Amino acid sequence: MEKESIILLAIGGQLLFDQAEYLNDAIKKILSLYDPSKTSSVLIVGHSMGGIVARLMLTLPNYRPNTINTILTLATPPTIPPIVLGPKMARVYDQISFSSTVFNNNNNNITLISPAGGTSDSIVNSDSAILPIGKERLTVFSTAIPKVWTSCDHIAILWCNQLVRLVAAALVDGVQQQPQNLIQPIQIFDRHFIHI
């Protein structure tokens, strides 16, 4: 398969639906391996269209409410697809739009964190990386994060040492909380990405 075909397949609408359905089933299996009184939800990390897959999971019939507590997307275009190759991609974005019921009903307690590369990302432009304003939502550009020295291109956002360290620290802080002193995920990421 040629490189161009692989790239177009990666952003095909049907593939995103298939991946989201599979991941819902995988989360169900993963959570079945743990004591439900101690672990009842997961945190999802997605890069680029993987962030769209994470949000699409919430709209599918096999999604179990309250099994995802946080979605961290890196260089994801949450409101505008980078390219529309057919009606399925348009349907993906219709389903995850904030005007739909995705974050209503049982999903309004899910925290969305969206670090974006900024001007160096030529695949996901800055305007399409911004989440609509909401209570449990945070968009931040790499250039605005203290201790991150430069903007990140679409791939570099995954290996930029300064950003990776902050993401890792926020993830560790989130899972090492004591039950008596629980801090909301949005506060943890705010502390690591904005108020260091």
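**Close-up views of a pocket and a sheet**

**View 1. What lines the largest pocket of this predicted model.** By class, 12 nonpolar, 10 polar and one charged residues make up the lining of the largest pocket. Here Ala, Val, Leu, Ile, Met, Phe, Trp, Tyr, Cys and Pro count as nonpolar, Asp, Glu, Lys and Arg as charged, and the others, Gly among them, as polar. Of the 23 lining residues, Ser41, Asn69, Gly174, Val175 and Gln177 lie nearest the centre of the pocket. The pocket holds about 700 Å³ of space. On a 1 Å grid over the protein atoms alone, a pocket is an open set of points where a 1.4 Å probe fits, with protein on both sides within 12 Å along at least five of seven lines; lining residues have an atom within 4 Å of a point. Its volume is the space filled by probe spheres set on points joined across faces, edges and corners.

**View 2. Elements around the largest pocket.** Strands E1 (42-47) and E2 (68-74) and helices H5 (161-175) and H6 (185-193) each supply at least two lining residues. H5 gives the most, with four residues. Helices (H or I, at least four residues) and strands (E, at least two) are DSSP runs, numbered from the N terminus.

**View 3. An open sheet of four strands.** The order is E1-E2-E3-E4, with parallel pairing; two strands pair if DSSP finds at least two bridges between them. E1 and E4 (137-141) stand at the edges with a single partner strand each, so one side of each is left without a neighbour in the sheet.

**View 4. Where E3 meets E4.** Five bridges join E3 (residues 111-116) to E4. Ile113 has Leu138 as its bridge partner in E4.

Residues are numbered from 1 along each chain as its sequence is written. In this predicted model, local features need pLDDT of at least 70, side-chain atom pairs count only at pLDDT 80 or more, and totals for chains, interfaces and linings use all residues, while side-chain values use heavy atoms, leaving out hydrogens and water.
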